[in-house]
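Student: I have a structure on my screen and would like to learn how to read it. Could you take me through some of the features, step by step?

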Amino acid sequence: MKSEIFVFKENKNINFNFVDKEVVGEVTVYSYNFEWNKEASDSDETIEFSWAVPQNDLLYTWTQNSVLDHFLPTNYSAYKYSMISYNSPCMVLFNGKSEHKYSWALDECSKLVYYKSGVNEWDASVDTYIRIPLKQFANQYSTTLKIRIDTETKSFSKGLRDISKWWESTLKQPPLAVPDLAKEPLFSFWYSYHRCFNAQMVEKACEDAAKLGFKVMILDDGWQTNNMGWEGYEICGDWQVGAEKIPDMKKHIENVHKLGMKYILWFSVPFMGAKTKAFSKFENMILRYFAKNVGLLDPRYKEVREYLISIYKKAVLEWGVDGLKLDFIDRWREEPDNADYNDKMDIYALQDAVDRLMSDIVTELKKINPDILIEFRQGYIGPNMRRFGNMFRVTDCPDDYIKNRVGVLDLRQMMGESAVHSDMLMWHNDETPELVAVQIISILFGVMQYSVKIEEQSEDVMKVSKFWLDFMNEHRDLLLNSSLTAYEPHLLYTWAKTSSDDECAIAVYSIDKCVKPDLKDTVYIANGCEDERIFVELEDNYSADVYNCMGEKVLSDFKLSKGVNTLNIPVGGMAKLLMQK
């Protein structure tokens with residue numbers, strides 16, 4: 001069955017009807033209504049449709065979780081999937097000039113959706129296939145789906161932003177408000193301490209971090225156990241403080257607050273370990289097992305949702321935490337070994353239950369603290385998750401500045417005004433100051449999360465940290481709130497820039513790259529690659545002061561003329577260009 005450009009799989013139990021088509025420029029939004037009977041729902045049949053476009057200048061793909069993989073697969077490749085707790089239903093196809101050429105996106109960002117786009121070897125088209133299982137709709141027997149098709153040639157970055165804006169306008173609830181603190185650089189205890197800490201160690205580290213310029217910290221996994229070593233997640237679920245490590249959590253948090261720092265605490269949301277006291281109460285409310293002796297709580301039970309909400313309310317009300325790092329939400333996925341629905345559950349579909357839980361968490365916590373900070377990790381970073389979190393962090397990539405860079409730039413282009421955080425920066429204590437600076441520049445357009453033991457760092461590394469942290473704080477609006485353009489995603493981004501009314505900031509990530517600043521009074525160029533030579537194409541005459549990675553001036557009033565110039569910037573350093581009046 002064909003309607004407009006789409007081919008719908010014939011099914012006697014499922015009917016479709018064209019509803020509307022809205023055309024604005026080269027963007028078309030199609031609306032379809034689907035109806036099905038109980039037989040289709042009970043047998044878990046799927047809405048299925050496809051369409052094809054010529055593969056003309058469509059060389060690379062981007063999805064929300066592409067990370068380092070942008071090749072265009074074949075049409076017989078495996079399906080990807082999205083749901084409220086994982087990924088997003090969209091795909092962007094672009095060319096070698098970083099131009100958006102074609103994209104599609106769905107407004108169904110909560111339910112499970114299978115999708116793929118790939119090359120048809122018979123006719124060189126790109127075929128797209130969508131499958132939506134019906135059983136997850138429970139006692140609902142109809143739905144309306146919007147499909148956005150964008151064929152405009154424009155910058156890759158604008159193509160992503162346009163999808164994000166469409167989701168914001170289409171979804172029923174706005175993103176969670178973003179307090180100023182959500183964009184403050186943050187000191188994390190994970191890579192630096194893991195589970196090996198106590199209250200005194202945390203407070204001393206926070207004192208050092210505050211002197212460096214940090215105002216927010218995250219205490220990660222380990223506070224809920226007395227054990228200093230790794231023992232898995234079997235001990236997660238009670239969420240009682242390890243008293244040998246932190247005898248008085250409320251007093252401990254007050255001590256950190258006195259240092260001028262806000263306190264965020266980690267929770268692995270779905271985990272219920274067999275070694276916890278609460279396990280006996282919830283062992284029959286397990287969705288499936290994540291690992292041996294580690295179950296995933298099933299949020300389809302009202303008791304599970306109420307228990308988790310009570311834990312987080314206690315942390316905010318009784319202990320005084322300023323925010324929560326809510327981890328592993330993406331483990332709530334549709335899997336073959338998930339528990340079946342039963343009449344003790346009050347919500348049928350898993351993703352509906354996740355939606356209810358997260359909505360209730362936000363509602364309850366905002367009653368206590370309207371500026372509550374909630375951090376999620378890349379993976380569960382779709383448009384609906386923006387309703388529940390205001391800090392979105394790149395997935396774990398310790399000491400991998402390339403993956404960190406790609407993650408920050410990907411998220412910045414899709415997450416609107418939400419705060420995009422880097423994965424925690426870490427390095428070997430013998431790392432050079434220059435390459436420490438390269439790591440920092442790699443995440444220049446995101447909020448820095450920093451996780452090294454400050455007392456173990458060399459004087460030069462601390463100078464690097466201080467210089468770049470100060471720069472990011474002083475130019476936060478330019479770096480985080482101005483429109484971002486990132487170039488050559490298929491090459492893992494070779495450079496990127498932001499601009500305000502009178503300033504432009506550029507980070508260079510590839511050797512011998514020619515960058516083009518916007519015509520602004522002041523231009524900052526950060527050298528995030530391992531060579532000194534950078535080419536700069538200017539629209540006016542400028543003079544430049546050049547600084548090394550520690551912020552020491554190494555060149556003054558270097559003249560640059562209109563056109564292409566060669567500029568030497570030390571590795572990890574920066575040039576400040578001033579337009580000549």
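Student: Which residues of helix 7 are buried?

Tutor: The buried residues there are V304, R305, Y307, L308, I309, I311, Y312, A315, V316 and W319. Buried means under 20% relative accessible area, exposed means over 50%, and partly exposed lies in between, using a 1.4 Å probe and protein chains only. Helices are DSSP runs of H or I with at least four residues, strands are runs of E with at least two, and both are numbered from the N terminus. Please keep in mind that this is a predicted model: local features need pLDDT of at least 70, side-chain atom pairs count only at pLDDT 80 or more, and totals for chains, interfaces and linings use all residues. Residues are numbered from 1 along each chain as its sequence is written, and side-chain values use heavy atoms, leaving out hydrogens and water.

Student: What span should helix 7 have, and how far apart are its end C-alpha atoms?

Tutor: The expected span of a helix is 1.5 Å times one less than its number of residues. Helix 7 covers residues 302-319, so its 18 residues should span 26 Å, and the 25 Å between its end C-alpha atoms agrees with that. Just after helix 7, G320 takes a positive phi of about 90 degrees.

Student: How many residues does helix 2 have, and how far does it reach?

Tutor: Helix 2 (residues 156-170) has 15 residues and reaches 22 Å from first C-alpha to last, close to the expected 21 Å. Its buried residues include F156, L160, I163, W166 and W167.

Student: Let's turn to charges. How many salt bridges does the structure hold?

Tutor: The general idea is that side chains of opposite charge can pair when their charged atoms come close. A salt bridge here is a side-chain nitrogen of Lys or Arg within 4 Å of a carboxyl oxygen of Asp or Glu. The structure holds 40 of them. In one, D42 pairs with K38, and their closest N and O atoms are 2.7 Å apart.

Student: Why are D42 and K38 separated by about one helical turn?

Tutor: An α-helix has 3.6 residues a turn, so residues three or four places apart point the same way. D42 and K38 are four residues apart in helix 1 (residues 38-42), which means about one helical turn separates them. D42 is partly exposed at 47% relative accessibility, and K38 is partly exposed at 48%.

Student: Are D330 and R333 buried or exposed?

Tutor: D330 counts as buried at 10% relative accessibility, and R333 counts as buried at 16%. Their side chains meet in a salt bridge, 3.6 Å from N to O.

Student: Where in the chain are E375 and R393, which also form a salt bridge?

Tutor: Their side chains meet at 3.7 Å, N to O. This pair links distant parts of the chain: E375 is in strand 21 (residues 373-377) and R393 is in strand 22 (residues 391-393), 18 residues apart. E375 is buried, with a relative accessible area of 1%, and R393 is buried at 1% relative accessibility. Elsewhere, salt bridges that share partners join R148, D150, E152, K154, K158 and D162 into one network.

Student: Which side chain makes a polar contact with the side chain of T128?

Tutor: A polar contact is a pair of N or O atoms within 3.5 Å; within protein, one must be able to donate a hydrogen and the other to accept it, and residues adjacent in sequence count only if both atoms are side-chain atoms. For T128, the partner is the side chain of S117, at 2.7 Å. T128 lies in strand 11 (residues 125-133) and is buried, with a relative accessible area of 2%.

Student: Which residues does S482 touch, leaving out those up to four places away in sequence?

Tutor: Contact means heavy atoms within 4.5 Å. S482 touches R412, D477, T498, S499 and S500 under that exclusion. S482 sits in the loop between helix 12 (476-481) and strand 25 (484-487), and counts as buried at 9% relative accessibility. Its side chain also reaches the backbone oxygen of L478 at 3.3 Å.
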